[in-house]
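Here are my notes on this one, as numbered points. Have the model open while you read.

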Amino acid sequence: MTDEAAAVLIQAWWRGTLVRRTLLHAALRAWIIQCWWRRMLATMLTKRRRAVLENYSRQEWAAVRVQAWFRMWRIRMPYCRLLNAVRIIQAYWRWRNCHTRGFIQGHYELKANLLNLQLEISLGSQAYRVTQRIPLPIKE
């Protein structure tokens with residue numbers, strides 16, 4: 001082989017090495033960018049999943065709160081009616097106990113939002129009749 005052919009062979013080898021090194025650097029840079037992008041996609045997916053989960057949790061909690069409030073209100077309405085009727089009866093009963101010389105007879109009827117009360121109060125020789133229709137303060 002001549003010197004010129006050997007020089008051409010060495011130059012070709014050197015140019016090939018430079019090209020392979022340039023391609024290797026480009027491939028490494030592309031790989032670094034791909035890794036970074038995959039990590040960013042995973043982070044965005046995690047954030048999106050967390051946001052969806054928090055939204056779902058918030059909606060479920062709101063539904064549970066509304067259901068609990070409705071159940072409470074459904075039970076509370078008859079309880080308040082009954083409590084009001086009890087207070088009225090207690091007031092009349094306490095008033096009767098203060099006037100020991102007489103007695104009270106009567107009956108009551110409790111409807112959805114109305115208390116019909118009929119009492120006959122006897123105080124010695126005097127008799128009083130009390131008939132009242134008392135609306136119960138219930139918001140509907």
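1. A word on terms before anything else: a residue is buried under 20% relative accessible area, exposed over 50%, and partly exposed in between (1.4 Å probe, protein chains only). On that scale, 12% of the 140 residues of the protein chain come out as buried.

2. Some housekeeping. This is a predicted model, with pLDDT of at least 70 needed for local features and 80 or more for side-chain atom pairs, while totals for chains, interfaces and linings use all residues. Numbering starts from 1 along each chain as its sequence is written, and side-chain values use heavy atoms, leaving out hydrogens and water.

3. What is the order of elements from the N terminus on? The protein chain runs α-β-β-β, that is, 1 helix and 3 strands. Helices (H or I, at least four residues) and strands (E, at least two) are DSSP runs, numbered from the N terminus.

4. Now the overall form. The radius of gyration of the protein chain is 46 Å, well over the 14 Å from the globule rule for 140 residues, so the chain is more spread out than a compact globule. Here the radius is taken over C-alpha atoms, and the rule is 2.2 Å times the number of residues to the power 0.38. Along its principal axes, the C-alpha trace spans about 155 × 25 × 15 Å.

5. On helix 1, look at glutamine 59, which sits in that element. Its C-alpha atom is separated by 74 Å from that of leucine 9, 50 residues apart along the chain. Glutamine 59 counts as partly exposed because its relative accessibility is 49%.

6. Which residues make up the largest nonpolar core? There are 7 residues in all: Ala85, Ile88, Leu115, Leu117, Leu119, Ile134 and Leu136. Helix 1 (3-98) and strand 2 (114-123) are the elements that give two or more residues to this core, and strand 2 has the largest share, 3 residues. By nonpolar core I mean a set of buried Ala, Val, Leu, Ile, Met, Phe, Trp, Tyr and Cys residues joined through side-chain atoms within 4.5 Å.

7. Leaving aside residues up to four places away in sequence, leucine 136 touches Arg81, Asn84, Leu110, Ala112, Asn113, Leu114 and Leu115. A contact means heavy atoms within 4.5 Å. Among contacts in the protein chain between residues at least 6 apart in sequence, 31% join residues at least 24 apart.

8. Alanine 112 lies in the loop between strand 1 (102-110) and strand 2. At 48% relative accessibility, this alanine is partly exposed. Compare alanine 91, in helix 1: its C-alpha atom is separated by 21 Å from that of alanine 112, 21 residues apart along the chain.
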